[in-house]
Amino acid sequence: MPGLSFLVFLAIWQGLAVYLNSNTLPTPEKVAVVFWQGCVSGQLLFHLGVTLLRLVVSFSIAMLLGCAIGIVLGRNKKLDAFFDNWLVIFLNIPALVTIILCYVWFGLVESAAILAVVINKLPNVIVTIREGTRTLDQDLLDMAHCYHFGRRKTLVHVIWPQLHPFVMGATRSGLALIWKIILVVELLGRSNGMGYQLHLFFQLFDVAGILAYTIAFVSVIQLIELMILKPLDKKSQRWRR
Amino acid sequence: MTQIQINIHSKTYPAVGQAGHHLAIANLNLSFKTGEFVCLVGPSGCGKTTLLNIIAGLDTDYEGEILVGQQYTHPQIGYIFQNPRLLPWRTVRENIELALEKHQSPAIIDPMLEVMQLTQAQNVYPERLSLGMSRRVAIIRGFAIEPDVLLMDEPFVSLDAPTARQVRELLLKLWQQRPHTVLFVTHDLREAIALADRLIFLSAAPMAVISEIIVPVPRAERHNEDAIEAFRQQLLNEYSEIKQLL
């Protein structure tokens with residue numbers, strides 16, 4: 001069934017492109033040719049690689065910091081009350097504003113780009129993990145305390161498994177959000193990566209190039225879902241009936 | 001030898017909304033000997049769980065002191081809760097192993113699994129266990145850490161009578177092999193007589209001791225329902241305050 005639906009999608013695209021006969025909507029075949037040329041020349045893979053590297057670095061920093069801060073805020077009512085307004089402010093600052101400010105304050109450098117992405121994603125992770133931490137089962141925490149589990153054991157065996165659905169939620173929404181922000185970051189202040197390339201294609205009105213790069217990126221994100229997230233889900237949920 | 005001395009001057013719950021503050025325990029003095037199996041019997045809501053939480057160190061908001069031996073600064077306490085509190089994402093064996101101290105070998109679990117008839121189920125996740133089996137796992141976890149004191153908070157409540165009886169017999173078998181001091185909370189007098197060396201009757205809140213009675217029924221006769229019932233009737237006839245309590 002997924003194969004059939006994909007074929008129907010391609011057929012509609014092909015039909016529309018032939019009917020309109022315009023440069024602004026190339027046929028799937030033309031896009032495939034551009035995609036292949038990009039792969040052969042190494043251009044596409046280079047820019048895709050650069051963007052993926054930025055994605056991995058900023059995503060890891062945002063998730064690690066976000067989980068740590070989220071757990072602390074979820075367990076500590078006073079700190080949570082103190083920082084709650086900060087979180088709301090950071091959640092609502094438009095991505096474009098943080099990107100511009102980071103570039104203005106720190107220059108057009110790699111670390112400013114990464115920082116801008118992290119600042120955009122971090123509040124989301126914190127809020128999700130904080131909500132998860134609030135729902136932790138106090139009975140199990142008491143049990144862990146009674147049996148002298150200690151901090152590390154409690155975190156690994158009692159808290160983390162309960163937070164797992166929240167972490168996976170933050171991961172999925174995080175990947176989707178971060179890669180969109182990274183493109184804007186690259187468009188505004190980097191001289192490589194997908195965002196930079198898309199900007200070039202835009203100036204040339206090269207729609208086939210734009211679509212070829214988009215397909216490459218979406219495929220990578222799909223692969224991450226299939227090869228990493230789904231198996232992780234399956235493994236961590238094996239105890240459920 | 002007295003191993004545990006409990007002196008609680010007061011335990012109060014703060015006022016919430018319209019309800020004023022609630023005095024749960026007042027001037028409670030109890031002592032227990034090493035290896036003694038004591039049942040604390042009292043009506044529902046009299047503060048038995050509160051008392052166990054204080055002993056376990058889960059509730060520190062009280063006035064008084066708990067002394068476990070003279071030499072212990074951090075008494076090892078096993079707590080078998082009313083619901084089993086197993087980690088659903090860890091197997092039966094992992095749940096028990098996680099509670100062990102670093103110096104303990106995981107192999108000590110095996111004979112206990114056998115006594116509790118859980119050897120076959122040791123690699124199963126708790127969601128696949130019956131309630132009776134989960135309770136048995138929790139009992140092993142409590143014994144496995146070789147506790148100075150083992151607290152049991154109505155661990156057989158909501159089991160059907162035959163299952164409760166079976167688990168009770170398995171518990172006694174395990175305890176006779178590993179005679180740790182046990183404080184067992186219940187409101188079921190028959191259960192208390194079947195298990196205990198000594199019964200302590202507690203009043204409704206604020207909790208205080210009404211009477212303490214040594215159970216004279218020999219251990220060998222504890223499986224005999226008639227002997228237990230006879231002693232229960234004798235208690236109810238001799239002590240009017242106990243009759244009112246139950």
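This is a predicted model: local features need pLDDT of at least 70, side-chain atom pairs count only at pLDDT 80 or more; totals for chains, interfaces and linings use all residues.
Figure 1. From the N terminus on, the elements of chain A run α-α-α-α-α-α-α-α-α-α. Residues are numbered from 1 along each chain as its sequence is written, while chains are lettered from A and ligands numbered from 1 in the order in which they are written. Chain A has 10 helices and zero strands (DSSP runs numbered from the N terminus: H or I of at least four residues for helices, E of at least two for strands). Its C-alpha trace spans about 70 × 50 × 30 Å along the principal axes.

**Figure 2. Burial and contacts in chain A.** Of the 241 residues in chain A, 29% are buried (20 or more other C-beta atoms within 10 Å of a residue's own; exposed means 12 or fewer, partly exposed in between; C-beta atoms are placed from the backbone). Among contacts in chain A with a separation of 6 or more, 73% join residues 24 or more positions apart (a contact requires C-beta atoms, placed from the backbone, within 7 Å).

**Figure 3. The contact between chain A and chain B.** Chain A contributes 15 residues and chain B 16 residues. On the chain B side, strand S5 (77-80) and helix H2 (92-99) each give two or more residues. That side comprises 12 nonpolar, no polar and four charged residues (nonpolar: Ala, Val, Leu, Ile, Met, Phe, Trp, Tyr, Cys and Pro; charged: Asp, Glu, Lys and Arg; polar: the others, Gly among them).

**Figure 4. Surroundings of B:Ala26.** B:Ala26 sits in strand S2 (residues 22-33) of chain B. B:Ala26 counts as partly exposed because it has 16 C-beta neighbours inside 10 Å. Leaving aside residues up to four places away in sequence, B:Ala26 touches B:Ser10, B:Pro206 and B:Ala208. A C-alpha separation of 8.8 Å is found between B:Ala26 and B:Thr12, 14 residues apart along the chain.

Terms used
Two residues are in contact if their C-beta atoms, placed from the backbone, lie within 7 Å.
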